[in-house]
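Biologist: I have a model open and would like to learn how to read its side chains. Could we go through it together?

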Amino acid sequence: MSVPFDVLSERFTQLDTLLSAHKAFWQGVPFDCLDLPWRESHPELCEWLDAQSLDELENWKADPAALSKVLSKWLPDAEALVGLSAITPQNSSSVPCDAHWSTGVPGRKWSQISTFTSAVHGGEGERWLEWCAGKGYLGRILAVTKNANVTSLEWQQALCEDGQAYADKHKLPMQFVQGDAFAKESQQLVDNCDHAVALHACGDLHVTLLRHAVEAKPTSVSISPCCYHLIQSKQYQPLSSLAKASELSLTKHDLKLPLQETVTAGQTVRNKRFIEVSFRLGFDALQRRLSETEKYLPVPNVQKSLLNEGFEAFCCWAAEQKGITLPKDVHFDDFLKIGESRFHTVEKMETVRTLFRRPLEIWLVLDRALYLTENGYHTDISTFCSRELTPRNLLIHAIRKK
């Protein structure tokens with residue numbers, strides 16, 4: 001069932017107002033901060049955060065609803081933000097697809113594809129376009145369950161070859177096209193399809209599909225957005241008229257906020273994160289001392305194996321990357337302790353920022369939905385699977401107005 005434009009726009013406006021009013025709590029880079037930036041404006045909130053252990057902070061981040069209730073003591077809009085972020089699950093039946101079609105597909109990915117396909121409606125025997133297809137795992141199920149003729153667009157030639165070989169072997173009506181989703185030629189694929197789908201296409205890749213759809217007007221478009229920060233411009237470029245009128249200006253760092261959820265990460269991943277972030281913050285403390293600066297210095301991505309060599313080895317590598325000469329008398333243990341302490345500060349800030357993760361994501365998804373609605377589509381937003389299966393569980397489904 002499509003959502004009326006006024007309903008979408010009202011929710012967007014409410015979210016926009018709250019996100020704009022509370023920018024101090026979620027915009028900015030926590031790594032820049034040596035202490036909580038709300039000490040003067042919200043001292044009691046900071047006292048509460050100071051009393052939380054790392055494990056307690058992790059638990060709060062895993063339960064935004066509970067977090068909103070406790071934070072509402074100092075942020076009265078907290079529960080309203082959570083309420084505005086609630087999205088109705090898609091009413092869908094299970095996909096009648098034999099498990100043997102999952103050959104080569106990781107279990108979690110197969111479950112995501114299955115539930116996504118189940119939530120997407122469209123006609124049998126029609127032309128479907130799988131955008132950013134990889135090996136065409138989604139296209140397989142579309143071909144089988146919807147008796148669809150599937151065109152799968154993928155940039156990497158090797159993935160196209162693997163996908164086509166599988167389709168040919170199993171006599172599936174799939175045609176892989178090796179091409180750049182950003183190239184003008186790719187719009188012709190949208191022109192020639194009835195239904196365009198994209199499951200977790202990143203940033204400007206899924207935005208490009210939406211722009212093509214507005215021009216080509218296929219019968220339906222179904223996307224689950226991902227990686228909002230992977231954009232070609234420095235700032236977020238709003239799509240809908242309401243988003244263009246917003247006072248919010250979003251950087252790539254801001255756009256990473258919805259992706260920082262770790263409900264699918266295990267304890268090993270969290271332990272590795274503690275080590276890497278503590279190392280980065282410890283090195284930052286060292287470079288601030290040496291350079292007599294108050295600015296955070298980011299360093300490039302690091303080979304995870306280097307972390308096993310210890311903090312000193314990391315500092316030597318980071319210093320080389322940034323052209324810094326380290327003195328011979330550095331007390332590395334002291335700076336590591338500073339890094340570990342600052343990790344706790346970052347986690348306090350990230351706990352508060354958790355309150356704004358889903359609201360910002362809904363803001364971004366509503367911008368996309370409003371854009372489609374403004375350009376001739378009936379549009380619906382739903383969740384196609386549980387948050388535990390993937391936090392990126394939002395589905396935008398648009399049907400062309402007749």
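Modeller: Gladly, and let us begin with burial: a residue is called buried under 20% relative accessible area, exposed over 50%, and partly exposed in between, using a 1.4 Å probe and protein chains only. By that rule, arginine 392 and glutamate 361 are both buried. Before going on, note that this is a predicted model, where local features need pLDDT of at least 70, side-chain atom pairs count only at pLDDT 80 or more, and totals for chains, interfaces and linings use all residues. Residues are numbered from 1 along each chain as its sequence is written, and side-chain values use heavy atoms, with hydrogens and water left out.

Biologist: Which residue forms a salt bridge with arginine 392?

Modeller: The general idea is that side chains of opposite charge can pair when their charged atoms come close. The cut-off for a salt bridge is a side-chain nitrogen of Lys or Arg within 4 Å of a carboxyl oxygen of Asp or Glu. Here the partner of arginine 392 is glutamate 361, with the closest N and O atoms 2.7 Å apart. This pair links distant parts of the chain, since arginine 392 is in the loop between β6 (377-383) and β7 (394-400) while glutamate 361 is in helix α17, 31 residues apart. The element names come from DSSP runs numbered from the N terminus: helices are H or I with at least four residues, strands are E with at least two.

Biologist: How many salt bridges does the structure hold, and which residues are linked in a network?

Modeller: There are 17 salt bridges, and a network of them joins Asp35, Arg39, Asp50 and Lys348. Aspartate 35 is partly exposed at 36% relative accessibility, and arginine 39 is partly exposed at 31%. Lysine 348 pairs with aspartate 50, their closest N and O atoms being 2.8 Å apart. Because lysine 348 lies in helix α17 and aspartate 50 in helix α3 (residues 43-50), this pair ties together parts that are 298 residues apart in sequence. Lysine 348 counts as buried at 11% relative accessibility, whereas aspartate 50 is partly exposed at 32%.

Biologist: Now the rings, please. How many aromatic pairs are there?

Modeller: Rings of Phe, Tyr and Trp (its six-membered ring) pair if their centres lie within 6.5 Å; planes under 30 degrees apart count as stacked, over 60 as edge-to-face, and the rest as tilted. The count by this rule is 13 aromatic pairs. In one of them, phenylalanine 274 and phenylalanine 343 have ring centres 4.9 Å apart and planes at 85°, so the pair is edge-to-face. Phenylalanine 274 sits in helix α14 (residues 267-291) and phenylalanine 343 in helix α17 (residues 332-374), which puts the two 69 residues apart. Phenylalanine 274 is partly exposed, with a relative accessible area of 26%, but phenylalanine 343 is buried at 6%. Elsewhere, ring pairs join Phe279, Phe311, Phe314, Trp317 and Phe332 into a cluster.

Biologist: Which charged end sits over the ring of tyrosine 166?

Modeller: A charge sits over a ring if NZ of Lys or CZ of Arg is within 6 Å of the ring centre and within 35 degrees of the ring normal. For tyrosine 166 it is the charged end of arginine 140, 3.6 Å from the ring centre.

Biologist: How many disulfides does a search of the whole structure find?

Modeller: A disulfide is a pair of cysteine sulfur atoms within 2.5 Å, and the search finds zero. The cysteine sulfur closest to that of cysteine 33 is in cysteine 46, 11 Å away and too far for a bond. Cysteine 160 is in no disulfide either, as the nearest cysteine sulfur, in cysteine 132, is 11 Å away. Cysteine 160 is buried, with 4% relative accessibility.

Biologist: To finish, where is the place of serine 85, and which residues is serine 85 in contact with?

Modeller: Serine 85 is in the loop between α6 (78-84) and α7 (107-119), and is buried at 8% relative accessible area. Contact means heavy atoms within 4.5 Å. Leaving aside neighbours within four places in sequence, serine 85 is in contact with Arg11, Arg358, Pro359 and Ile362.
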